Amino acid sequence: MSEFLSERFAYLRPYVPGEQPKGKSYIKLNTNESPFPPSPKVIAALNAKEAEKLNLYSDPTAESLIAALAERFDKKKTEVFAGNGSDEVLAFIFNAFSDKKKGMAFPEIGYGFYPVFCDMLGIPYRAVPLNADFTIDISRFRGLEENIVIANPNAQTGLYLPVSDIETIVSENYKRLVIVDEAYCDFGGESAMSLMRKYENIIVVSTMSKSRQLAGARIGYAVASEAIVEDLNKMKYSFNPYNLNSLSIIAGTEALKDEDYFDLCRRTVIENREECKRVLRGMGFSVTDSLANFVFASYPGIDGKSLYSALKERGVLVRFLSDGKLNCGVRITIGSVSQMEALYLMIDEILKERNLR
Ligand SMILES: *Cc1c(COP(=O)(O)O)cnc(C)c1O
């Protein structure tokens with residue numbers, strides 16, 4: 001730390017992203033990316049002609065992307081906001097609607113960025129306990145003082161809360177905002193966007209990183225009332241009006257034009273996930289009933305860190321989360337069939353080597 005860092009940030013503990021290894025090539029099942037490349041339409045559109053225009057600023061309104069998102073979700077353009085990854089969208093939301101007096105509440109296990117944003121922005125937060133099986137007890141979210149953010153399906157576990165439960169939380173906190181982070185919703189969940197017809201206090205946030213094969217393009221979005229989107233634009237135009245670069249605007253717009261490819265990829269991930277549950281459970285693992293593009297899996301007799309390290313030695317990267325409730329197992333991103341088959345073989349080897357199987 002330099003002597004110049006503001007004391008506000010002296011104790012800030014930044015988010016630690018999953019490893020993005022260089023050099024040695026791993027089977028990468030650690031950061032919930034898609035195992036598939038972007039749509040061929042996206043790749044074709046990112047051509048030299050577009051690169052030649054990089055001397056110009058990008059469109060601050062991201063018009064083509066906003067229009068495509070609005071059409072996809074049957075919303076007005078004024079009800080859609082886009083940002084540099086949903087991380088940025090979430091940061092704008094936290095900054096716009098919470099402060100020292102109005103904190104944030106979220107399930108104790110969820111997306112690791114929520115407490116980091118709160119710490120950076122000086123927002124007090126409350127981690128609401130989960131049931132022992134990682135499910136959310138919605139009665140703990142009744143009439144809270146704070147705004148609420150819930151990843152649904154939940155980050156780390158993949159467990160999904162039905163829209164009727166989200167509706168209960170939204171209606172019981174009508175003076176508070178409920179932010180539903182649907183990064184993983186395309187893998188089998190139903191979106192809470194439909195609740196916008198009845199409630200003004202909901203923001204649905206999502207991303208093209210997980211289900212649209214565009215993690216590197218950094219495209220996130222939010223759908224909410226016109227008034228809320230206006231507030232978010234106020235944040236953006238006070239910080240970085242060109243928050244989406246021109247190539248990403250093109251990539252996102254084109255990705256939304258290729259629903260067939262999107263469907264093919266997500267259906268494959270869903271199939272591979274269900275097969276993964278079957279295989280690992282068959283071996284004796286506990287596996288969460290995830291509706292996301294990952295599962296959380298643990299095995300009696302080997303802790304998460306050992307399993308993570310043994311897999312890494314063999315060239316497979318999964319995610320180990322040192323959090324007390326999750327250190328019993330690992331989070332495994334669902335990859336292609338061949339990646340998953342390699343994983344199963346290596347897990348079998350590791351367990352046999354340790355006489356656990
Ligand atoms: C991956 C993820 C994000 C961030 O997505 P980006 O759009 O890549 O910034 C946000 N929330 C959850 C729950 C995620 O898993």
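# Briefing: ligand site, helix packing and backbone features

P153 sits in the loop that links β5 (147–151) to α6 (163–172). The model is predicted.

**Backbone features**

- F134 is not a glycine, yet its phi is positive, at about 75°.
- F134 belongs to the loop between β4 (125–128) and β5.

**Ligand surroundings**

- Residues around the ligand include G85, S86, D87 and Y111.
- A151, D181, A183 and Y184 are also among the residues that surround the ligand.
- T207, S209, K210 and R218 are likewise among them.
- D181 uses a polar side-chain atom, which lies 2.6 Å from a nitrogen atom of the ligand.
- R218 also uses a polar side-chain atom, here 2.7 Å from an oxygen atom of the ligand.
- D87 takes part through its backbone: a polar backbone atom is 3.0 Å from an oxygen atom of the ligand.

**Helices α3 and α8**

- Two packed helices are described by the angle between their axes and the distance between the axes.
- Helix α3 covers residues 63–73, and helix α8 covers residues 246–257.
- Their axes come within 8 Å and cross at roughly 25°.
- Angles under 35 degrees count as roughly parallel, so α3 is roughly parallel to α8.
- The crossing of α3 with α8 is left-handed.
- On the α3 side, S64, L65, A68, L69 and R72 make the contact.
- On the α8 side, the contact residues are I249, G252, T253 and L256.
- By class, this contact of α3 with α8 has five nonpolar, three polar and one charged residues.

**Helices α10 and α11**

- Helix α10 (residues 304–313) packs against helix α11 (residues 337–353) at an angle of about 120°.
- The axes of α10 and α11 are 10 Å apart.
- The crossing of α10 and α11 is right-handed.
- From α10, the residues L307, A310 and L311 take part in the contact.
- They meet L343, M346, I347 and I350 in α11.
- The contact of α10 with α11 comprises seven nonpolar residues, with no polar and no charged ones.

Key. Residues numbered from 1 in each chain as written. Predicted model: local features only at pLDDT ≥ 70, side-chain atom pairs only at ≥ 80, totals over all residues. Heavy atoms only, no water. Axes fitted to C-alpha atoms, helices over the stretch in contact; angles between N-to-C directions. Helix = DSSP H or I, 4+ residues; strand = E, 2+ residues; numbered from the N terminus. Parallel < 35°, antiparallel > 145°, perpendicular 65-115°, else oblique. Left-handed = near helix turned anticlockwise from the far one by under 90°. Contact = heavy atoms within 4.5 Å. Nonpolar A, V, L, I, M, F, W, Y, C, P; charged D, E, K, R; others polar. Near = heavy atom within 4 Å. Polar contact = N/O pair within 3.5 Å; in protein donor to acceptor, adjacent residues only side chain to side chain.
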